[in-house]
Amino acid sequence: MIPSTYRKPKIRRLFGILFLCSLTCCIWLTNVNNSVVTEKVVAQTINQLVQEGVERYRVGDFIGAVGLWEKALQGKIKNPEDAVVVRENLARTYQYIGRMQQSKENWEKVIAYYLQVGNVKMLGRSKAELAQVYNNIGQSQKALTLLCSPNIDITGCAGDSAVQIARNSKDVEGEITALGILGDTYRLRGSYEEAVKILKQSSNLAERRNKSNYFAAINHSLGNAHNSLALLNYSRAELASEGADTEEAEARFLQQARAEDNAAIVSLQKSREFAKGQKDFQREIEALQTLIPIYYRINNVTEAANSLQAATNLLEKLPENQTRVYASVNLARFLHSTGSDGKLGGKYECYSSQKSPQAENLLNQAVTIAQKIKDYRAESFAQGQLGHLYECYGGDFQALEFTRKARLAAEQDLNGADSLYLWEWQAGRIFRKQGNILQAIDAYDKSLNTLESIRQDILTANRDIQFDFRDTIEPIYRDLVEMRLSLETPLQVSSKSLVSVKSSKGNNFGSALNTIDSLRLAELQNYFGNDCNINEFIRDKIEINEVKDDKTAVISTVILKDKTAIILSLPGQRNKYKWYEKSRTDLTEEVNNFRRSLQRVSENYDVKISQNIYSWMIAPFQAELDAAGISKLVFIHDGILRSVPMSALHNGKQFLVEKYAIATTPSLRLTNSNSLNRNNLRVLALGLSQQAEVNGRQFRKLDGVEREITEVINKIPGRKLLDDNLTKENLKRTLSQEVYSILHIATHGKFGTEPQNTFIVMGKDNKGSNQILKFNELDQLIRQISRNREPLEILTLTACETAVGNNRSALGLAGIAVQAGAKTAIASLWSLDDEVATIFSVDFYTKLLSEPKISKAEALQAVQKTFLQEGTTASQYNHPGYWAPLILIGNWM
C-alpha cells in the first residue's frame with residue numbers, strides 16, 4: 001500500500017478519507033498511520049458513520065471501525081470514487097485484523113473500479129496490495145501473477161502486472177512497493193536468491209530517489225530472505241553430515257549459512273533502526289522476532305536475551321491487533337524454549353521443563369486480545385501455545401484443556417485447518433505420554449486426516465515450511481506408525497518358522513501402511529514444493545497389496561530414532577513386520593558403507609556388508625516369499641535406504657536380483673499399474689558426449705554416448721538430439737511435432753538437496769554456455785507442448801548421480817517419474833560406465849520388444865543378470881558397482 005501523502009484522489013464532494021499507510025497488514029512498508037485523515041462535507045448520516053469509524057480506528061477499535069464503514073457503503077455513496085476510497089481503507093483494515101477473505105473481496109472491487117475508469121497508476125498499486133493478501137493466505141502463485149506475471153516467452157514482467165504498470169507510469173513509490181512484495185513472494189516460494197536480487201532492486205531504487213520511509217520495510221524483507229538462505233544451508237549441512245565422504249561439503253554449507261546469518265543480522269538491525277526513527281513499533285518488534293533465533297543460532301546468547309527483552313518491552317506500545325497476538329505467542333515460545341545452556345529448542349519440543357510465568361502471562365494477554373478482536377486463528381495459536389507450555393512441565397489436565405480451547409478456536413476459523421492439525425497432534429502427544437495409546441492414536445489420526453486435507457496447500461504455500469517439516473509434520477506420521485505397530489506382534493523366530501500374532505485392535509497394519517504412504521506423499525510434496533502438484537498423480541483408495549500380479553510382494557521400511565520397521569505385504573495375505581534394532585545414526589553409517597563398497601569398482605567386492613543388510617531386511621521373510629512363489633519385489637523405502645540398490649543384496653550364494661525382479665516406488669498411490677503398451681513405441685533419444693560446465697562445476701566427456709544413442713534409435717524408431725543440437729529450443733520443437741512414448745536421456749543428471757538443483761545438462765546456447773533442463777521444466781514441455789496427452793511410458797537416464805548418503809537427493813530420484821510425468825523411470829544412482837550404459841540400453845529395449853509378456857522389471861533383471869554370466873561380453877563388468885546402480889522407479893509391469 002502507498003502512503004496517503006502520495007495518493008491525492010480528486011474527490012468532488014464526499015467525505016473524510018481515512019489514512020492510510022504504506023503497505024498493508026503484513027505490513028510490508030510501514031505501519032498503519034491512524035493520524036492521517038482528510039475530511040470533506042458529506043450527507044450527514046454517512047459523514048457520521050465514516051467519522052465515527054475513524055475515531056474507533058484511532059483508539060484501536062478496528063472491529064467497530066470496519067462495521068461503521070460497511071454501513072457507510074450500504075448507505076449508497078453516490079460518488080463511486082469516494083466509495084472506492086472507503087473500500088481501500090476497509091481492505092487494509094480487514095487485513096490488519098486478519099480477515100483476509102474480506103480484504104481480498106474489497107481489493108478485487110477496487111481493482112475492478114480502477115480498471116473501468118482507466119486509472120492505471122492506482123490499478124497497479126491496488127494489484128500490489130491484493131498480491132500481499134494472497135501471500136498472507138498462502139497463494140503465492142496468484143501473488144506472483146499479479147506482481148510480475150513472468151512468462152517463459154518474454155523477458156521481464158507482463159505489461160498488466162503491478163511492477164510493469166508502475167514502471168510504465170513512472171510511479172516510483174508503486175515500483176518500490178511492487179518490487180518489495182515481489183521479493184517477499186519469491187521468498188515464500190522458496191526462490192531465496194531471486195528474492196534477494198529483487199529486494200536489492202527495490203532498495204537501490206528507494207535510495208536513488210531518497211524514499212527513506214521504505215528503508216525499514218525493505219531491510220526487513222532482505223533480512224528475512226537472508227535468514228531463509230541461512231536455514232537452507234544449515235539444512236544442507238545437516239544432510240551432508242549424514243552422508244559419506246562429505247566433510248568438505250558440510251563445511252562449505254556451514255560457511256555459507258554463517259555468511260547468510262551475518263547478512264540477515266545487518267539487514268534486520270538496519271530495519272530496526274529505521275523503524276525506531278519512524279516510531280514504527282510494529283516493524284521494530286518484527287525485526288527483533290527474526291533476530292532472536294539467529295542470535296541463538298550463532299551462540300550470541302547475550303544479544304538474544306537483550307533482543308528478547310527489548311521486544312517484550314515494545315509489546316505494550318502496539319495496538320491490540322493480530323500482530324500483537326502473534327508477537328506475544330512468538331516471544332512466549334522464545335522465553336519457554338530457551339534452555340539453561342542458552343540453546344533455543346524446536347517449536348513443539350519440550351526443551352525446558354521449568355514453567356515460565358512471563359511466557360504464561362504473555363500468552364494469557366494474547367488470548368484476551370484475540371478474543372476481543374474476534375480473531376479465532378490468532379486465539380487458536382495463543383491457546384495452543386499455553387497448552388504446550390503445560391505439556392512440557394507436566395500439567396496434563398491444564399494442557400489438555402488449553403489444547404481443547406485451541407481446537408475449538410481453530411474450528412471456528414474458516415482457514416483453521418493448518419492450526420487444527422497441530423492441536424490434535426498436541427493432544428495425541430499428551431495422551432501418549434500418559435500411556436493412553438488408543439486415545440493417542442485417535443488424536444493422531446484426526447491430526448493426519450486434517451493435514452491430508454491441506455497437504456498440498458501447506459507444503460507449497462510457504463516454502464519456509466521445509467525447515468519445519470522435520471519438527472511439525474514428519475513426526476506425526478512416524479509416531480503414529482510406531483504406535484500402530486506396537487499393537488501388533490512382530491515376527492518371532494521359533495524352532496519351526498516365523499510367526500506373527502494378530503492384534504485384537506482393528507487393522508493396525510493397514511492403517512500403518514496407509515500412514516507410511518501418506519508420509520511418502522508429504523515428503524515428495526515438501527521436496528518439490530510449487531514445482532509439482534502431487535495430487536494430480538494420486539490414485540484414490542488403493543490398498544497396499546492391490547497389485548495386478550500375484551507374484552509381486554511389497555516391502556516397506558520406516559526409519560525411527562532407535563529402530564527400523566520392515567513390513568512385508570503379500571497378495572491376499574496378512575501383512576507381517578519385524579524391527580531392526582539399530583539407531584538411525586548407526587543405520588545411516590551401515591548403508592553408507594554398503595554404497596561405498598559398491599562404488600569401489602577397482603577393488604574386489606566383499607559381500608559381507610550386503611549379506612548383513614540382507615539378513616535383517618529379506619531373510620526373516622524368505623520362507624513366506626518362497627511359499628507364495630514371489631518373483632518380483634517392490635520396495636517402498638524410507639530415508640537413507642533410498643540411496644542404495646537392493647539388487648546388490650547378497651544371501652551368501654547369490655545376489656538378490658538373481659532371484660527376483662526388483663523395482664522401487666515412492667508410493668503405490670503414485671504408481672500407474674497398467675502394463676506397457678507396446679504398440680507404436682517411439683523414442684526420443686537425447687545425448688551429450690561433450691565436456692560441460694554448469695555454475696563452475698565440470699562434467700566429464702561421455703565418450704560412449706553417441707554409440708548408445710545410435711543403438712537405441714536402431715532398436716526403436718524415433719529421433720535423436722545429440723550434443724550441439726541438444727537445446728531447450730530444439731527439444732520444445734521436437735516434442736511439438738510428434739508423439740513419443742519413450743524418452744531416453746544419456747547426459748549428466750544431478751539430483752540435489754532441492755529440486756532447483758535437480759537437472760540434466762544440455763548442449764550450449766548461443767552464448768556458448770551449457771543449458772540445464774530441470775525436471776519440472778521437462779514435465780511442462782511434455783504436458784503443454786507435446787500432442788501426447790498420455791504420460792510417457794518410460795523415462796531412462798543413464799548418467800545420473802545422487803550424493804552418497806543424501807536422502808534428499810535420493811528422494812528427488814525417487815520422485816523423478818512423478819515429476820517428469822512418466823509411468824516408469826529407469827535411472828542410475830551414480831553415473832554408469834560408458835560401455836555398461838550401451839550394453840544396458842541395447843539389451844533392455846531388445847528384451848522389451850522381443851518378449852511381449854516380459855515386464856519392465858523382468859527386462860531390467862535379465863540385463864543385470866547378463867553381467868553376472870561368465871563368457872558374455874558384459875561379464876567383464878560383473879562387479880555390482882557397474883550394474884547395480886540401475887534402478888526401476890514406478891510402474892514395474
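Biologist: Arginine 283: does it count as buried or exposed?
Modeller: Buried. This is a predicted model, and in it arginine 283 has 2% relative accessibility, so it counts as buried.

Biologist: Which residue does arginine 283 form a salt bridge with?
Modeller: Glutamate 286. The closest N and O atoms are 3.4 Å apart.

Biologist: How many residues apart are arginine 283 and glutamate 286 in helix H12?
Modeller: Three. Helix H12 covers residues 281-297, and that spacing puts about one helical turn between arginine 283 and glutamate 286.

Biologist: And glutamate 286, buried or exposed?
Modeller: Buried. Its relative accessibility is 12%, and the cut-off for buried is under 20%.

Biologist: How many salt bridges does the count come to?
Modeller: The count comes to 43. One of them joins the side chains of glutamate 590 and lysine 582, at 3.1 Å from N to O. Glutamate 590 is buried at 8%. Lysine 582 is partly exposed at 25%.

Biologist: What does arginine 596 form a salt bridge with?
Modeller: Glutamate 589, with the closest N and O atoms 3.2 Å apart. Arginine 596 is buried at 18% relative accessible area, whereas glutamate 589 is partly exposed at 41%.

Biologist: Which residues are linked in a network of salt bridges?
Modeller: Glu474, Arg478, Arg520, Glu523, Asp638 and Arg642.

Biologist: Switching to strands. How many residues of strand E20 are buried?
Modeller: Seven of the seven, residues 822-828, so E20 is largely enclosed by the rest of the structure.

Biologist: Which strand pairs with E20 in the parallel sense?
Modeller: E18, residues 792-797, over five bridges. Isoleucine 794 has threonine 824 of E20 as its bridge partner. E20 is also joined to E21, residues 886-890, by five bridges, and those two run antiparallel. There, alanine 825 is partnered with isoleucine 889 of E21.

Biologist: What covers the buried residues of H15?
Modeller: The cover includes helices H13 (301-314), H14 (322-337) and H16 (376-392). Among the buried residues of H15 are Leu362, Leu363, Val367 and Ile369. Lysine 374 follows H15, with a positive phi near 55°.

Biologist: Last one. How many disulfides does a search of the whole structure find?
Modeller: One. Cysteine 148 and cysteine 157 form it, with their sulfur atoms 1.9 Å apart. The link is left-handed, with -90° about the S-S bond. Cysteine 148 and cysteine 157 are both buried.

Note on methods. Residues numbered from 1 in each chain as written. Predicted model: local features only at pLDDT ≥ 70, side-chain atom pairs only at ≥ 80, totals over all residues. Heavy atoms only, no water. Buried < 20%, exposed > 50% of the residue type's maximum accessible area, 1.4 Å probe, protein only. Helix = DSSP H or I, 4+ residues; strand = E, 2+ residues; numbered from the N terminus. Pairing = 2+ DSSP bridges. Contact = heavy atoms within 4.5 Å. Disulfide = S-S within 2.5 Å. Salt bridge = Lys/Arg side-chain N within 4 Å of Asp/Glu carboxyl O.
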